[in-house]
Amino acid sequence: MRVGIVGSGRLGSRLGRLLAAAGHDVFFSDSDLALAEAAAGAAVRVSAGSGDGRARSGPPAEAAAFGDVLVLAVGWEAFPTVVAELGGALAGKIVIDPSNPIGERDGLAVMVAVPCGLTSPQYQQHVLGAGVRVVRTFNTKYPNELLDLGIAGQRGGARADMPYWGDDDEAKKAVVPLIEDAGFTAIDAGGLSEAR
Ligand SMILES: NC(=O)c1ccc[n+]([C@@H]2O[C@H](COP(=O)([O-])OP(=O)(O)OC[C@H]3O[C@@H](n4cnc5c(N)ncnc54)[C@H](OP(=O)(O)O)[C@@H]3O)[C@@H](O)[C@H]2O)c1
């Protein structure tokens, strides 16, 4: 599958690496193109042994156009900006939302109140608009933990559970193989209103 990663930081780089190692075609992007390039380079090195997955890098708009599925792995507070920047490129896309409502104040991580009593991905769906198909997943592990657990699962070891939530059944079905290929057991945990 063609996967566009927007935000090649701690989470996006590691998740993209797992997906490339599994044979998916991954396009890394970031506001810092050098970071995206480094993430693609690391993904190419780990997937070289399998001879499958490909990784490339470039600007976010190109990643958005490239991906059948997009991962928006930017911070909670950057999310509305990214959505405004990508605009129509997101229409109709399946978007994996791994974000937790955590912001930064004076260099410290702080929980952010989600507006209007919504769950975090319900709010992201609101920001993205109804035409974007949100599936929330990959938000429940720290990035290094995600990578280690995913590699273990991919190598035939015990698989960790990975819950996913969404209101679009077809989009959920499309994301399940990505979760499984990343080395996890996909667990349907319900709709966006039930998400954590
Ligand atoms: N880290 C965790 O433990 C963890 C665990 C589970 C879920 N998550 C979620 O995963 C998401 C990413 O977290 P992270 O820890 O990977 O953050 P991160 O390391 O800060 O990476 C986010 C990346 O997105 C980039 N970015 C910001 N605005 C952008 C834009 N407009 N266009 C393109 N790229 C942009 C950032 O660049 P700049 O630095 O230049 O702004 C940064 O490189 C968050 O929503 C977080 O809640 C994180």
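**Notebook: salt bridges, rings, backbone and pocket**

I began with D188 and K172, whose side chains meet in a salt bridge at 2.9 Å, N to O (a salt bridge being a side-chain nitrogen of Lys or Arg within 4 Å of a carboxyl oxygen of Asp or Glu). This pair links distant parts of the chain, with D188 in strand β10 and K172 in helix α7, 16 residues apart. I note that helices (H or I, at least four residues) and strands (E, at least two) are DSSP runs, numbered from the N terminus. The model is predicted: local features need pLDDT of at least 70 and side-chain atom pairs count only at pLDDT 80 or more, while totals for chains, interfaces and linings use all residues. Residues are numbered from 1 along each chain as its sequence is written, and side-chain values use heavy atoms, with hydrogens and water left out.

**Salt bridges**

I looked up the accessibility of both partners (buried is under 20% relative accessible area, exposed over 50%, partly exposed in between, with a 1.4 Å probe and protein chains only). D188 is partly exposed at 47%, whereas K172 is buried at 6%. I also found that D25, R54 and R56 are joined into one network by salt bridges that share partners.

K173 counts as exposed, at 55% relative accessibility.

My search of the whole structure gave eight salt bridges. One of them joins the side chains of E77 and R105 at 2.8 Å, N to O. E77 is in the loop between β4 (69-72) and α4, and R105 is in strand β6, so the pair ties together parts 28 residues apart in sequence. Both ends are partly exposed: E77 has a relative accessible area of 40% and R105 one of 43%.

**Aromatic rings**

I counted three aromatic pairs (rings of Phe, Tyr and Trp, the last by its six-membered ring, pair if their centres lie within 6.5 Å; planes under 30 degrees apart are stacked, over 60 edge-to-face and the rest tilted). F138 and F184 form an edge-to-face pair, 6.4 Å centre to centre with 75 degrees between the planes. F138 lies in the loop between β8 (133-137) and α6 (143-154) and F184 in the loop between α7 (169-181) and β10 (185-188), so the contact ties together parts 46 residues apart in sequence. Both F138 and F184 are buried.

**Backbone**

I checked phi next. Most residues other than glycine have a negative phi. F138 has a positive phi, near 60 degrees, and its relative accessible area is 0%. C116 also has a positive phi near 60 degrees; C116 lies in the loop between β7 (108-111) and α5 (120-128) and is exposed at 70%.

**Largest pocket**

Last, I recorded that the largest pocket holds about 970 Å³ of space. Of its 33 lining residues, R10, A73, V74, G75 and W76 are the closest to its centre. Elements giving two or more residues to this lining are α1 (10-21), α4 (79-86) and β6 (102-105). On a 1 Å grid over the protein atoms alone, a pocket is an open set of points where a 1.4 Å probe fits, with protein on both sides within 12 Å along at least five of seven lines, and lining residues have an atom within 4 Å of a point. The volume is the space filled by probe spheres set on the points, which are joined across faces, edges and corners.
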